[in-house]
Amino acid sequence: MNPDWVVLKFGGTSVAGKPQWQTIRDLVQQRLESGKRILLVCSAVSGVTSRLSELADQPNESGLNAILETHKQLAIDLNVPTDDWLAASQLRMQACLRQLQQGDDHAARADLLATGEWLSTRIGAAFLSQKYPVDWLDIRKYLIAQEEPELSPARQWLSASCTAGFDQEFLQTCSALNPVVITQGYIAANSSGATVLLGRGGSDTSAALLTGRLGAECVEIWTDVPGLFSADPRLVPDARLLGELEFAEALEMAASGAKVIHPSCIRAAAETGTTVIIRDTGRPQLAGTRIGRQEKGHAGVKNITCQKGMLVLLLQKLDNRREVGFLASVFDIFRQRGVSIDLVATSETTTTLALNRPVNMLDDNALSKLVEDLQQFCTVTIYPECVCVNLVGNSVRTALAKLHSSMSYFESRPLLMLSQSANDLCLSLLMPAGDHELLIQQLHRELIVDVDSGPEFGPKWQDLQRWE
């Protein structure tokens, strides 16, 4: 590990205004005083990526001007000149809009969406350079996406992935720059040098990948909450702050619906043994959540998540077990269509598959083609609006004996699938969307709220609010 470097990643709400940038400046000061060199990885200003996505869907100059005005105002608030970067970004965005007006162009969409990070880091570099020696780095020269021809074109451009590992050239490049370097999250380049994106939330992934490339000890993810909780605090006020997690636990939580950190970030960090620390920009005094290589601790459920946007396909054939290759044929269709499957359950005559529609970028047209292909082998029933409630933790099976009260929920409601992973980390309940929040609240009361397990379970969300 390289102790000289620390990587700080800041999400959209953490770069949205003058108070947030002043906090970033204070954190930079602290790290410099401790003898560190600093790589800052920044997201677009909060809400900007969504607005850029809407602009890509309906290209128009008024939407473009509103986005530029947001950044112009932020620059004014930070006393940053707008000369060259504002004009350059306007020209770049106008070129993307002209391409998009001619039709849905994944390359132009990726380039347009990337301007949010380009703008936020240009402003941030200018602000921080008022006090410190700062260099701005175009990360597309150092994060090159893998070639994944099996994925759909949309995913290749808008949800690409990069390999994790140490990069001596990148370390040497950064070490030759000023002690503070600022760059973009969410963005990479393909082998041709064109801009691609790492998927929504991909700035976390960028930060973990770059930490590994530097060989730094840890990456700090600064966001608008103190860390990972045992449930969504907006739904469960008694949700507990999770102080320590293993990589495997955190990955299951992130992949199962916890929104605080991206699952690809955990995968990248685990590959290089990089510790991930989640911190609250508004309350930097809180220790947050630490994710890393740790001894197994509390046995049982630590987190209850909910994946929304799930789609369930029920495939029926009178005797699919006796037909050699039935599942292989089905799965090959998904491979050809570039669609990943989250959960599978089989019986003598049926196969149930659960897909995450947003992750797969599965619109109605793509779904129709997928179903048409599947109907060559079986009948298909679609359950379009579903959720997956996930119980996550080491030895999660120990929760089974405590679920009798919560399971009364299904006396009058359908349960489409129940699945437990063989690694004993996740128990999944798949159901139609509706009043599933009642189930989450009941499960949390029964399994988590009063657990006392040292550093793993911290204070309740509602108590943290009173301490502000």
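Analyst: Happy to. A disulfide here is a pair of cysteine sulfur atoms within 2.5 Å. This is a predicted model, and by that rule it holds zero disulfides.

For Cys 265, the nearest cysteine sulfur belongs to Cys 218 and is 12 Å away, so with a cut-off of 2.5 Å Cys 265 is in no disulfide. Cys 265 is also buried, with a relative accessible area of 0%. Cys 388 is likewise in no disulfide: its nearest cysteine sulfur, that of Cys 426, lies 7.0 Å away. The relative accessibility of Cys 388 is 0%, which counts as buried.

Eight strands make up an open sheet with mixed pairing, in the order 3-4-2-1-7-10-11-9. Its edges are strand 3 (134-137) and strand 9 (244-246), each of which pairs on one side only. From one strand to the next, the twist averages 20 degrees.

Within that order, strand 1 (residues 5-10) and strand 2 (residues 37-42) run parallel and are joined by six bridges. Another cysteine turns up here: Cys 42 in strand 2 is the bridge partner of Phe 10.

Helix 1 (residues 18-33) lies across strand 1, strand 2, strand 4 (180-184) and strand 7 (218-223). Relative to strand 2, helix 1 runs at about 155 degrees.

Conventions: Residues are numbered from 1 along each chain as its sequence is written. This is a predicted model: local features need pLDDT of at least 70, side-chain atom pairs count only at pLDDT 80 or more; totals for chains, interfaces and linings use all residues. Side-chain values use heavy atoms; hydrogens and water are left out. Two strands pair if DSSP finds at least two bridges between them. Helices (H or I, at least four residues) and strands (E, at least two) are DSSP runs, numbered from the N terminus. Axes are lines fitted to C-alpha atoms, for helices over the stretch in contact, and angles run from 0 to 180 degrees between N-to-C directions. Contact means heavy atoms within 4.5 Å. Buried means under 20% relative accessible area, exposed over 50%, partly exposed in between (1.4 Å probe, protein chains only).
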